[in-house]
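Here is a set of exercises to work through with the model open beside you. Try each task before you read its solution.

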Amino acid sequence: QVQLKEQLGYAFYTAEMNRLVQQQITLEAELHHAVTGNQFELYYQPKLDLLGERGIIGVEALIRWNHPERGLIAPFQFIPLAEATGMIQPIGDWVFSQACDQLRQWQQQGFDGLTLSVNLSGQQFNDPQLVDNIRRQLDRTGLDAASLELELTETHLLESETEAERILHELKALGVGLAIDDFGTGYSSLSRLQRFPVDVLKIDRAFIHDLPDSTGSAALTQAILAMAHSLGLEVVAEGIETEAQRDFLRQQYCSQGQGYLFSRPVSAESMTELLESQWNSDRPNPQASAKST
Ligand code: C2E
Ligand code: MG
Ligand code: MG
Ligand code: MG
């Protein structure tokens, strides 16, 4: 009987595996198509000033796949596949050029002083062309390197420390900002962080989610903030969904935040509307300074 069960289990397993493999093959073919067929779109999520009155101070570009039949596909459903198939390179190039064009456009509309954050996957980080590609985009658009921020995860830095350090220093020399995304989920030690020329820590939303009630999350968040402050790093809290979470973070002097409480990631058009309403309401005369540039 045990044997029969095992055989049935095995048969089920292979059928399920076949289905998954088929799905991956289909998706892979479709991903090729998406690259050439202009099916990607960038959404933007605002980053807010939590302690002052500046409101939106930056935007993070988040890719979406507009599939002709399946609708909007989230990055976790295709970024790993794009990584495995080498398609992350052309996709990453597209993200950079699209995001830089958009920031340039917002600047020309008078929305100045915003930083643009772009996510990098492991393959992109290790691409020998990375620094040249970014430099080319900056030259092409005339953007100030300081307005661009790259988001990396701790795992990028773990694989080959000396190599990672070299790349980070090259990026730093370009003048772009460097952020550690999803901070707290990896294994970065304090000494390691100090060695890397990183500017920003983004606290993973898993910690924010349980604030302020979970003593564990509260203690960790406080520790991350204390450490970051003593190292002179900027901190962004991700995934702020409630006022209680925001208030706790403010009390701990966390200076920047993102999350559904403020806005979900939205299309470029909707982001423009958000910027317009902010610039029209609480900025004294933003259009005046825009005209002089
Ligand atoms: P991430 O960079 O950590 O982005 C934050 C994710 O959290 C986004 O998911 C965002 O929609 C979501 N989020 C923001 N605020 C909240 C909140 O209050 N509550 C909850 N539950 N979620 C929130 P998204 O857009 O699905 O992106 C997932 C991941 O995919 C990103 O994580 C990033 O690692 C990767 N990714 C996105 N765009 C790109 C890209 O252009 N290139 C690369 N290489 N990776 C990307
Ligand atoms: Mg990110
Ligand atoms: Mg993150
Ligand atoms: Mg994340």
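**Exercise 1. Charges over rings**

Find which ring face arginine 195 lies over, and do likewise for arginine 264.

*Solution.* Step 1: apply the criterion, by which a charge sits over a ring if NZ of Lys or CZ of Arg is within 6 Å of the ring centre and within 35 degrees of the ring normal. Step 2: arginine 195 lies over the face of phenylalanine 196, at 5.7 Å from the ring centre. Step 3: for arginine 264 the ring is that of tyrosine 260, with 3.8 Å to the ring centre.

A word on the ground rules: this is a predicted model, in which local features need pLDDT of at least 70 and side-chain atom pairs count only at pLDDT 80 or more, while totals for chains, interfaces and linings use all residues. Residues are numbered from 1 along each chain as its sequence is written, chains are lettered from A and ligands numbered from 1 in the order in which they are written, and side-chain values use heavy atoms, with hydrogens and water left out.

**Exercise 2. The magnesium ions**

Identify the protein donors of the magnesium ion (ligand 2) and of the magnesium ion (ligand 3), then look for a residue that bridges them.

*Solution.* Step 1: donors are N, O and S atoms within 2.8 Å of the metal (3.2 Å for Na, K and Ca); water is not among the atoms, so sites may look incomplete.

Step 1: the magnesium ion (ligand 2) is held by Glu60 (OE), Asn119 (OD1), Glu151 (OE) and Asp181 (OD), at 1.9 to 2.2 Å. Along the sequence these donor residues read E-x58-N-x31-E-x29-D. Asparagine 119 belongs to strand β4 (residues 115-119) and aspartate 181 to strand β6 (residues 177-183), so this pair ties together parts that are 62 residues apart in sequence. Helices (H or I, at least four residues) and strands (E, at least two) are DSSP runs, numbered from the N terminus.

Step 2: Aspartate 182 in strand β6 and glutamate 238 in the loop between β8 (234-237) and α11 (243-251) link parts of the chain 56 residues apart.

Step 3: the bridge is aspartate 181, and the two magnesium ions lie 4.0 Å apart.

Step 4: check accessibility, where buried means under 20% relative accessible area, exposed over 50%, and partly exposed in between (1.4 Å probe, protein chains only). Aspartate 181 is buried at 7%, and glutamate 238 is buried at 12%. Asparagine 119 is partly exposed at 26%, and aspartate 182 is partly exposed at 27%.

**Exercise 3. An aromatic cluster**

Which residues form one aromatic cluster with Phe40?

*Solution.* Step 1: rings of Phe, Tyr and Trp (its six-membered ring) pair if their centres lie within 6.5 Å; planes under 30 degrees apart count as stacked, over 60 as edge-to-face and the rest as tilted. The structure holds 6 aromatic pairs.

Step 1: phenylalanine 40 and phenylalanine 78 make a tilted pair, 5.8 Å centre to centre with 35° between the planes. Phenylalanine 40 sits in strand β1 (residues 40-49) and phenylalanine 78 in the loop between β3 (71-73) and α2 (79-84), so the pair ties together parts 38 residues apart in sequence. Both phenylalanine 40 and phenylalanine 78 are buried.

Step 2: the ring centres of phenylalanine 40 and tryptophan 94 are 6.1 Å apart with planes at 45°, so this pair is tilted. Tryptophan 94 is in helix α3, 54 residues from phenylalanine 40. Tryptophan 94 is partly exposed at 22%, whereas phenylalanine 40 is buried at 10%.

Step 3: the cluster consists of Phe40, Trp65, Phe78 and Trp94.

**Exercise 4. The largest pocket**

Which element gives the most to the lining of the largest pocket?

*Solution.* Step 1: on a 1 Å grid over the protein atoms alone, a pocket is an open set of points with protein on both sides within 12 Å along at least five of seven lines, and lining residues have an atom within 4 Å of a point.

Step 1: 38 residues line the largest pocket, and the closest to its centre are Glu60, Leu62, Pro75, Asn119 and Asp181.

Step 2: β2 gives the most to this lining, with 5 residues.

Note on methods:
1 Å grid on protein atoms, 1.4 Å probe; cavity = no way out; pocket = protein on both sides within 12 Å on 5 of 7 lines; lining within 4 Å.
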